[in-house]
Amino acid sequence: MPKKTRILAGILIVALCILNANIYFAEGEPQTEQTTAVESIQPEETDIIIPVLMYHNIAENYSASTDGANITPKRFEEQMTGILERGYTPIFVADYYNSVERGKPLPENPIIVTFDDGYLSNYKIAFPILKKLNIPATIFIVTSTVGATAESGRVGTSHFTWEQAKEMQQSGIIDIHSHSHTHRDMTSLSPAQLQEELRLSRYLIEKNLGKNCYVFSYPFGKYNETTSRLARMAGYRMQILVNYAESGQDYLANNTKSGIEHFTRLTVTGSQTTEDLFKMIDTAVENTKKLDSSISQ
Ligand SMILES: [Zn+2]
């Protein structure tokens with residue numbers, strides 16, 4: 001090897017070592033990390049398309065005015081049973097992250113179930129159903145309203161407590177991450193407010209649940225460059241958006257080839273039957289394939 005090349009190679013190796021050390025330093029070791037047991041493996045596959053479902057509250061008193069935020073227990077269970085019967089393998093959001101960033105294999109036909117806000121019904125109704133069906137789900141919580149009850153007047157719908165959150169996290173079926181501290185539109189906040197929202201929420205989750213919190217779900221799906229940058233600085237390695245099909249956007253899923261940026265979710269509404277849900281998922285997958293082929297052309 002000529003001397004110049006040797007020097008360059010040496011510099012490159014040193015730079016890579018520093019970079020590697022920094023990555024480990026920045027990320028730290030997860031205290032506990034929820035991941036789904038992977039049975040069937042897709043080796044060397046880089047473009048796996050994954051639909052992600054977003055739920056909120058589960059309640060008997062369904063009304064059309066809260067269609068995007070409420071689903072009845074019966075319908076929720078039908079949908080969960082339906083996705084298994086259709087051959088999907090539910091995984092955690094963390095599994096997607098670990099696949100894209102760390103090359104961990106994904107199962108066949110993955111799908112992701114998520115909840116936003118941290119409602120008590122997630123613990124009382126969804127958790128037993130998910131446990132029974134062995135469906136892993138990711139819940140993004142608003143840390144200032146953990147344990148707040150509707151009776152107290154602080155919130156319209158009761159939220160689960162830290163004890164309940166811990167029980168779910170420790171069950172291995174639920175993985176909890178952040179949906180901010182006070183659920184405000186993050187794009188409307190000052191940098192100082194933003195930092196508090198991001199850091200306090202992450203701190204409380206890590207302290208109360210003894211786990212590494214590194215995924216952030218934007219309230220109302222609203223984000224911009226500043227929120228993204230500050231979220232990364234606050235230790236979030238993945239940021240979650242919402243697919244607003246009702247305001248003209250196409251339904252979309254996620255392609256592992258596109259990485260962890262713009263990770264999006266489909267809003268499941270209380271009026272959707274399992275068939276409607278499958279139609280939405282199929283449209284999202286088709287749209288994602290089209291989008292990816294138009295980008296790669
Ligand atoms: Zn929310």
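Tutor: Two residues are said to be in contact if their C-beta atoms, placed from the backbone, lie within 7 Å. Please keep in mind that this is a predicted model.

Let us begin with helix H5, which spans residues 162-171. Within H5, the residues Ala165, Met168 and Gln169 are buried. Around the helix axis they cover an arc of only 100°, and therefore they lie on the same side of H5. The elements that cover these buried residues include helix H4, strand E7 (137-141), strand E8 (174-178) and helix H6 (191-209). Just after H5 comes Gly172, whose phi is positive, at about 85°.

Two packed helices are described by the angle between their axes and the distance between the axes. Helix H4 (residues 120-133) packs with helix H2 (residues 73-85) at an angle of about 25°, and their axes are 11 Å apart. Angles under 35 degrees count as roughly parallel, and H2 and H4 are therefore roughly parallel to each other. The crossing in which H2 passes H4 is right-handed. On the H2 side, the residues involved are Pro73, Phe76, Glu77, Met80, Thr81 and Leu84. They meet Ile125, Ala126, Ile129, Leu130 and Leu133 of H4. Sorted by class, this contact has 9 nonpolar residues, 1 polar residue and 1 charged residue.

We may now turn to Asp117, which is placed in strand E6 (residues 110-117). Asp117 counts as buried because it has 21 C-beta neighbours inside 10 Å, and the cut-off for a buried residue is 20 or more. Setting aside neighbours within four places in sequence, Asp117 is in contact with His56, Val142 and His179. Asp117 and Ser180 are 63 residues apart along the chain, while their C-alpha atoms are separated by 9.1 Å.

Finally, these details may be set against the whole protein chain. The chain has 8 helices and 12 strands. Of its 297 residues, 40% are buried. Among contacts between residues at least 6 apart in sequence, 68% join residues at least 24 apart.

Definitions and conventions: Residues numbered from 1 in each chain as written. Predicted model: local features only at pLDDT ≥ 70, side-chain atom pairs only at ≥ 80, totals over all residues. Axes fitted to C-alpha atoms, helices over the stretch in contact; angles between N-to-C directions. Helix = DSSP H or I, 4+ residues; strand = E, 2+ residues; numbered from the N terminus. Parallel < 35°, antiparallel > 145°, perpendicular 65-115°, else oblique. Left-handed = near helix turned anticlockwise from the far one by under 90°. Nonpolar A, V, L, I, M, F, W, Y, C, P; charged D, E, K, R; others polar. Buried ≥ 20, exposed ≤ 12 C-beta atoms within 10 Å, placed from the backbone. Arc of directions from axis to C-beta.
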